[in-house]
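Reader: Please present the structure, and then let us discuss what can be read from it.

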Amino acid sequence: MINKQKLKETLQYEMLLLPALAGFVIFFLYPSLQSIYYSLTNYSVNKLTYSFIGFTNYVEVFKDERILASIRNTVYFAVFSTLLQNALAIPLAIALNAKLKSKFLLRMVFFMPWCFSGLIIGFLWSFILSSSDDGLLNHVLHQLGIHFLPHNWLGDPGLAMKSVIFVAVWQTTGWAMIIYLANLQSIPAELYESVKIDGAGKLQAFWHITFKFLAPAMTINVLLSTIGGFKVYDQILALTNGGPGYATESITFSIMNYGFSENRYAYASALSVVMLVIILLISLVQLRFFSKREDNIA
Amino acid sequence: MKSITVSTGASRKGIVGNVVLEVSLWILALVILIPFYYLVVNTLKPAKDVVARPMSFDWSTLSIDSYIKAFQDMHYGHVFLNNLITTGGAVILIVLIGSSAAYTLVRRNTKLHKFVYYLFISSIIVPFQMAIVPLFKIFVKMNLMNTLLGVILVFVFTNIAFVVFLYYSFIRTIPYALEEAAKMDGASVLRTFVSICFPLLWPVTGTVIIIQSVAFWNDFFVQILFIVSPKYFTITRMIYANVGIFSTDWSALLPMFVLGMLPILIFYVFMQKSIIGGITAGSVKG
């Protein structure tokens, strides 16, 4: 009788877990594992049968100029958007932590772009940066008499990725700022008092206390921004559609291109596994580095 | 007397410093605001002026005709409804099954449950791109291609791991003793969870609702993968399709961008405290 009661309770518990677990397995875990499996085959939509071909897809991936370019572009984007975002967000958070009359309104303004879809923000900036004379930025520059500065911001292969990074930083810096602000508010004020007594200047106080104690927020911001950077797609699609040529194509562009335009499923799967491995490696390195920094404050 | 003058001198310097800081921050804020300003200005004038004079603004030619046209071209009411269905459906589903799954994982706590928990959290880092090619095939087999239900399911199950993780950390802090009395009275597990545990989870539920609503509402990637017919387009997907049709006819497109941003802007203005709080809570835990 007691056992029956117990069994009933156990079943009731598992019924609560089941929907989440089943859906997760069917729609995420199983397809992800299947990608690894497909990556070792020559599977494609046009074939009825497929066979194991070992690591051939991986060898080809690393010979494919277009894919290598997309990996380089993605790393460049992830690294520089993360660096810039954090380099701007820290001073911004410190400034907005001061006793300012309009600090809440200012915070709201700086955070706002994050709320909008990356696709629409990308299109908005492609209007502003467009190369033709009616492009807003070029128009302004001409009117100001700065005639050497107007550029084909999104069409010049040397500039396009930099413009894409600018837009990403423009959109996400406010978000990083909010995380830093929350962290700043948790730094005990006594610490600043004590370095004041020691006669330290503002810069030293920043270096020895603020910067050091922002370690947890920095870990989160750098990690999430890097991972997000590796998945970038919407903004680039709207801004440059990967062009000019494939100067701004990210890894996701390559996966979409080989997986859905050319129907080379196995090849695209191999690329997605490469993407996972890169994200895993970089996250592990970053976590190790940043957790050491966090240990230093404890 | 002397010390007083010194201290007021210092604080006056502080006040001046703060005013300078505040003014510079507002100048910097223009970098954020100006693009939105020109976006809106260029939707309120005759089409030919958008190209010829993008920076000008003239009250005498003010017109909202472009919005009326954009509203119709986008089938705004329809795409808005699709957005509401996918975002609303996915958020409700993810809250219900995410919280209940986390509840079982905390309360049962066997080796197997620990394994499931670690399976969830280690998948958080796996990019959705890993799953898309096989998922495409699964969707075709299950007749989920080109359906709103399919979009909802992808939304829910590519984010469920993170949501379970948020709930798990919170439920662990709720003492089991609270539930014991209800259990003694013969309440079922479900009933105990719904009536005693779930109401205590509001802080997490709020965070989940806010983070996921914004993410689902703005999604484009899932739509482009799994939705083909305009009947099921959401706002971003429709805007993308229209950019294809109108090419760079900015006078037709800019009002669509504004209409696309408007719902989330309204949500942000009214909910900004909760949004910022939710983002902070969600990422500090994650």
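Reader: In this predicted model, how far apart are the end C-alpha atoms of residues 205–224 of chain A?
Author: Residues 205–224 of chain A are 95% helix and 0% strand.

Reader: Which residues of chain A does UniProt list under "transmembrane region"?
Author: The listing comes from an unreviewed UniProt entry. Among its spans is 265–285 of chain A, which is 100% helix and 0% strand in the model, with end C-alpha atoms 30 Å apart. The record gives residues 12–30, 75–96, 108–128, 163–184, 205–224 and 265–285.

Reader: In which helix of chain A is confidence lowest?
Author: The mean pLDDT of chain A is 88, and 96% of its residues reach 70 or more. Confidence is highest in helix α3 (residues 65–95) of chain A, at 95. The lowest mean, 77, belongs to helix α8 (residues 189–197) of chain A.

Reader: How far apart do the C-alpha centres of domain 1 and domain 2 of chain B lie?
Author: The domain assignment of chain B places domain 1 at 2–67 and domain 2 at 72–285. The distance between their C-alpha centres is 35 Å.

Reader: How many residues on the side of domain 1 of chain B that touches domain 2 of chain B are nonpolar, polar and charged?
Author: Eight residues of domain 1 of chain B are in contact with six residues of domain 2 of chain B. On the domain 1 side, the elements giving two or more residues are α1 (2–41), α2 (47–52) and α3 (65–73) of chain B. The residues of that side comprise five nonpolar, three polar and no charged.

Terms used
Residues numbered from 1 in each chain as written. Chains lettered and ligands numbered in written order. Predicted model: local features only at pLDDT ≥ 70, side-chain atom pairs only at ≥ 80, totals over all residues. UniProt positions renumbered as here; feature names shortened; annotations may be inferred. Helix = DSSP H or I, 4+ residues; strand = E, 2+ residues; numbered from the N terminus. Domains from an automatic or database assignment. Contact = placed C-beta atoms within 7 Å. Nonpolar A, V, L, I, M, F, W, Y, C, P; charged D, E, K, R; others polar. pLDDT = per-residue confidence, 0-100.
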